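Let's take a friendly walk through a protein model, starting with its strands and ending with the whole chain. Keep the picture open while you read.

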Amino acid sequence: MINNSIVSYRVRLARNIKGHPFPGRMNAQEREEMSRSVAQTLTQAASGAAFTYLPPEKLEGVKAQALKERRLVSPEFAETPRGLILSADESVSVMLCEEDHLRIQTFSNGGNLSECLQKAQDVETLIDEKHPFAFDETLGFLTACPTNLGTGLRASALMHLPALTDTTSMRRLIQQAGASGLAVRGFYGEGTQAAWGYYQISNAVTLGLGEQEIITALAEVTSQIAEFELKARQTLYQNDPVGLTDRVWRASGILQNARRISTQEAMECLAAVRLGVSLDLLPGIDTELADRLSQESWPGLLHQAKGPFSSQMERDEIRATMLRQALTKGEEKVE
C-alpha cells in the first residue's frame, strides 16, 4: 500500500450474454435459468474447487448485508440478490442478473490494478467460451447502462484520505479528477457518501479507451493522490503536533477501554488510529490491524462472527469487547 492511503483495488467488468434481453426485460424464471447455467460453467472449471454458487435464497438478510460490507456485492444487489458466484479466497465475485447479466469483480488488498484486471479477464474467458458475450464492433461490449459501453470496465481504488479531507483540499481534488475522466465517490461507490475520510476513485469513461489504458491512468492518478495525502498528513502534524497526537491517542484510548461502542464511533476512532499509524504515533499497531478491525466492526459481519444478538445494545457491547481484546492483545485488566 502506498503511504497507507490505498486500502484496496477493485476491477469490475459488465458483461451480457449474446441473444438474451437485459435482466430488466427478463422474467424471474429466465433470470434463474441464466444464473444457474453461468454458475454451472464457472463452478465446473478447475474441477469445481475454485468457485461456489450462492442462489438468491442463500443471500438474504444478514448474509447479504455482510457481503455488501465486504464490498463483494453492490448495495443494490444486497437489496435484491439474484445469485452470486464466489471464488474460494473471495478475491473474485460475480453478481448474476443485477443490472447486467454478469458483473465480474476482482479485488486486491496488496497487489495492483493490473493483477486485478488479469484475474477478471481469466474469469471472463472461462464464461465466454460457453456463453458468448454481446459485442458490437463500434460500441464494444453492450451493457444495460450506456455509461458502461465500450470496455464495460470500472476500475477503482478505495483510498483513505483524512488529511486532504481535513485541509479542505478534497473539493479541488474532486474537480481535478473529474477533468481527468475519473470519478470520486463514497465508500460503496456510486450513489454513496464519503465517510471517515474514505473515498472510491474510479474511471468515469469506458468508451473509446482500452482496458489497459484505463488501468494505467487510474494507477498513475491514485499514486499522485497518495503523495498529496502524505504531504497533507505531514503538514497537519507539523502545524499542530500536540493536537494531532491528542486526537489519535484519544481515539486509541476509546477503542482500548470502551465497554459499548456504535459502528459510527468505532469507524471514526479506527480512522483516526489509521492516520496515527502512518505517522508513527502508535507503535504496536499496524495498518493491516486497523483495516481488519474496521471491516469486522460492521453490523452484518459482526453478527456473522459473534451473533445473533438480542439487541443493538448487546451488539455494541460485543463490538467493544472485540476491539479492546484486539488492541490490547488480551491484556486488559479484569474488573
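## Strands side by side

Strand 1 and strand 5 run antiparallel to each other and pair over seven bridges. (Two strands pair if DSSP finds at least two bridges between them; helices, H or I with at least four residues, and strands, E with at least two, are DSSP runs numbered from the N terminus.) Before going on, a word on ground rules: this is a predicted model, where local features need pLDDT of at least 70 and side-chain atom pairs count only at pLDDT 80 or more, while totals for chains, interfaces and linings use all residues. Residues are numbered from 1 along each chain as its sequence is written, and side-chain values use heavy atoms, with hydrogens and water left out.

Back to the pairing: Ala14 stands opposite Arg103 of strand 5. Strand 5 also has strand 4 (residues 92-96) as an antiparallel partner, this time over five bridges. There, Val94 has Ile104 as its bridge partner. Strands 4 and 5 make a hairpin with five residues between them, and Cys97 in that turn has a positive phi of about 55°.

How many residues of strand 5 (residues 102-108) are buried? Seven of its seven, where buried means under 20% relative accessible area, exposed over 50%, and partly exposed in between, using a 1.4 Å probe and protein chains only. Both faces are covered, with Leu102, Ile104, Thr106 and Ser108 on one side and Arg103, Gln105 and Phe107 on the other.

Now look at Ser8, which sits in strand 1 (residues 6-15). Ser8 counts as buried, at 8% relative accessibility. Apart from neighbours within four places in sequence, Ser8 is in contact (heavy atoms within 4.5 Å) with Arg71, Ser108, Asn109, Ser156, Ala157 and Leu158.

## Rings that meet

The structure holds two aromatic pairs. Rings of Phe, Tyr and Trp (its six-membered ring) pair if their centres lie within 6.5 Å; planes under 30 degrees apart count as stacked, over 60 as edge-to-face and the rest as tilted.

| Pair | Centre to centre | Angle between planes | Type |
|---|---|---|---|
| Phe135 and Phe141 | 5.0 Å | 75° | edge-to-face |
| Trp196 and Trp298 | 5.8 Å | 70° | edge-to-face |

Trp196 is in the loop between strand 9 and strand 10, and Trp298 is in the loop between helix 10 and helix 11, so their pair ties together parts that are 102 residues apart in sequence. Both Trp196 and Trp298 are buried.

In the other pair, Phe135 is partly exposed, with a relative accessible area of 46%, while Phe141 counts as buried at 17%.

Helix 7 (residues 211-239) has 29 residues and reaches 42 Å from its first C-alpha to its last, close to the expected 42 Å (1.5 Å times one less than its number of residues). Its buried residues include Ile214, Ile215, Leu218, Val221, Thr222 and Ile225. An α-helix has 3.6 residues a turn, so residues three or four places apart point the same way.

Zooming out, the chain has twelve helices and ten strands. Of its 335 residues, 51% count as buried. The C-alpha atoms fill a box of roughly 65 × 50 × 30 Å, taken along the principal axes.
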